Amino acid sequence: MINKDVTTIRPAREEDLKFVYGLLRQLSRHDFTMEQFERSYLYNLRHNHILVYERNKNICGCGVLMIHYPLHFSRKTAEVVNLVVDEHARGQGIGKELLTAFMQIALDNACVNIEVDSGKHRKAAHRFYYREGFVCDHYKLTRQMD
């Protein structure tokens, strides 16, 4: 008998906080405490779509999908933020599966497009998104508030 991995993509739950925190620490260049992260995580659980990828009951990927209704576009659009796969599980199709799940949520919510927010330094991630059909058609500029 061959042991087969049991995988699932599911909505995140409150009890996933420490696992998602660990994944986001791999992704982010920003310094934040667990207390700060917990506030953000709980907010996003209520207002956005957080998905986790679970393999054999271990979370090895996650991401957030935000649905916007911007005035300048006047149609719903979806934005993938914080898509991250554990550094030891990359290259196994997990990111593609999460992205596919997010695209389905966007379609189910009548979004006309889906965008992704990815740091300039994440070159491998950019190659992934280009392979998945994304194009760079605008800039996102950031200013720190003192």
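This is a predicted model: local features need pLDDT of at least 70, side-chain atom pairs count only at pLDDT 80 or more; totals for chains, interfaces and linings use all residues.
Local features need pLDDT of at least 70 and side-chain atom pairs count only at pLDDT 80 or more, whereas totals for chains, interfaces and linings use all residues. Residues are numbered from 1 along each chain as its sequence is written, and side-chain values use heavy atoms, with hydrogens and water left out.

Helices (H or I, at least four residues) and strands (E, at least two) are DSSP runs, numbered from the N terminus. Two strands pair if DSSP finds at least two bridges between them. Strand E2 (residues 49-55) and strand E3 (residues 58-68) run antiparallel and are joined by seven bridges. Two residues lie between the strands of this hairpin. Asparagine 56 takes a positive phi near 50 degrees there. E3 also runs antiparallel to strand E4 (residues 77-85), again with seven bridges.

Helix H1 spans residues 17-27. Its buried residues (under 20% relative accessible area, with exposed over 50% and partly exposed in between; 1.4 Å probe, protein chains only) include Leu17, Val20, Tyr21, Leu23, Leu24 and Leu27. They cover an arc of only 165 degrees around the axis, which puts them on the same side of H1. The arc is that of the directions from the helix axis to the C-beta atoms. An α-helix has 3.6 residues a turn, so residues three or four places apart point the same way. The cover over the buried residues of H1 includes helix H2 (34-47), E2, E3 and E4.

Arginine 10 lies in strand E1 (residues 7-11). Arginine 10 counts as buried because its relative accessibility is 9%. Its side chain makes polar contacts (N or O atoms within 3.5 Å; within protein, one able to donate a hydrogen and the other to accept it, and residues adjacent in sequence counting only if both atoms are side-chain atoms). One, of 2.7 Å, reaches the side chain of aspartate 16. Another, of 3.0 Å, reaches that of glutamate 54. Beyond neighbours within four places in sequence, arginine 10 is in contact (heavy atoms within 4.5 Å) with Asp16, Ile50, Leu51, Val52, Glu54 and Ile59.

A disulfide is a pair of cysteine sulfur atoms within 2.5 Å. By this rule the count is zero. For cysteine 60, the nearest cysteine sulfur is that of cysteine 62, 10.0 Å away. Cysteine 60 is buried, at 9% relative accessible area, whereas cysteine 136 is exposed, at 56%.
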